[in-house]
Amino acid sequence: MENILFDKIKEYDSIIILRHTKPDLDALGSQLGLYHTLKYNYPNKEIYVVGDASLKYGFIGKMDLIEDDVFSKSLAIIVDVSVSNMVSDNRYLLCKEVFVIDHHKNGCDITTNHLCDTTKVAASQYICEMLLRHNLIIPPLAATCFYGGIITDSGRFLYGDHLDETFLIASKLIELKADYKYIYDNIYVETLKDREKRNYFSNKFIVDNGVAYLKNTQEVFEKFGGEFNDISRGMLSVMAGIQEIKVWLNFTYDIERNVIVGEFRSRNIPIIDIAKKYGGGGHALACGASLKDWDEVDSVINDFVELVRMEEKK
């Protein structure tokens, strides 16, 4: 399938790259990294990136605004997502052919042209490795985008089953002039307002038998504003790095989808099975699920408390 994809990239004069909505930096990094690489190697092709904008990660690059007729003549490449209802623009359905490149542990309902390697900590890593295998030149701007995706999805190289491979590709990207300081300065330097927000959530989480969790209703967005991911993923870190906490969970109400998004993290206890039980997925130590109500959230918390309790008995 990989060879077929790269043959199609050579064949099409117009290519549109998409990813999931409410993008994290891996979604944007893999999307824009692929974009800049293809533009560099195929300067005569029309290549576009589409999707919702991100205030937090807007520093990495902007999206294109294109008409329906562009889709109808294009190859679509969807990165970092395999689920149709999460794709950033459903006009991919107008495209002549569609390919998906993902690394998550869930099925694909978008296309049978599905490239997935769940051993990769980030879609950015997976795409980089493919590009290098096919002897494409990754320019510095693309390398910077890919590097951003890798360090965030790996939790700054804390998560991943094969971190030796992750370090190797990160080293290669630095060799290719990835501006890692630009990435760090943009995602790990915060405003005073942001620090005040983190302090608020640091005093709100609850700990139960080694499991920490936050429950965020719509009221927190009315209080602080900002993007959904600023709270859903952004506040996970206030519970991380605490000796007594083995697993940390963040549950945030998504008013647009009318679901509660659960983000789950663990220091060393595999937690993916609980995410799958509730229709979610991800990685062994970093995963999530969408939940229908707060009663189901309580069931998830109870499952994690029991999991930690059983692990402590071993």
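**Notebook: salt bridges and overall fold**

I counted 24 salt bridges in the structure, taking as a salt bridge a side-chain nitrogen of Lys or Arg within 4 Å of a carboxyl oxygen of Asp or Glu. I note that this is a predicted model, in which local features need pLDDT of at least 70 and side-chain atom pairs count only at pLDDT 80 or more, while totals for chains, interfaces and linings use all residues. Residues are numbered from 1 along each chain as its sequence is written, and side-chain values use heavy atoms, with hydrogens and water left out.

I looked up glutamate 2 and found its side chain in a salt bridge with arginine 133, at 2.9 Å from N to O. Glutamate 2 belongs to helix α1 (residues 2–11) and arginine 133 to helix α4 (residues 123–133), so the pair ties together parts 131 residues apart in sequence; helices here are DSSP runs of H or I with at least four residues.

I then checked lysine 277, whose side chain meets that of aspartate 303 in a salt bridge of 2.8 Å, N to O. This pair links distant parts of the chain, with lysine 277 in helix α11 (residues 272–277) and aspartate 303 in helix α12 (residues 294–313), 26 residues apart.

For burial I used relative accessible area with a 1.4 Å probe and protein chains only: buried is under 20%, exposed over 50%, and partly exposed in between. Lysine 277 is exposed at 57%, arginine 133 is partly exposed at 47%, and glutamate 263 and arginine 265 are both buried. I also recorded a network of salt bridges linking Lys22, Asp254, Glu256 and Arg257.

Technical notes:
Helices (H or I, at least four residues) and strands (E, at least two) are DSSP runs, numbered from the N terminus.
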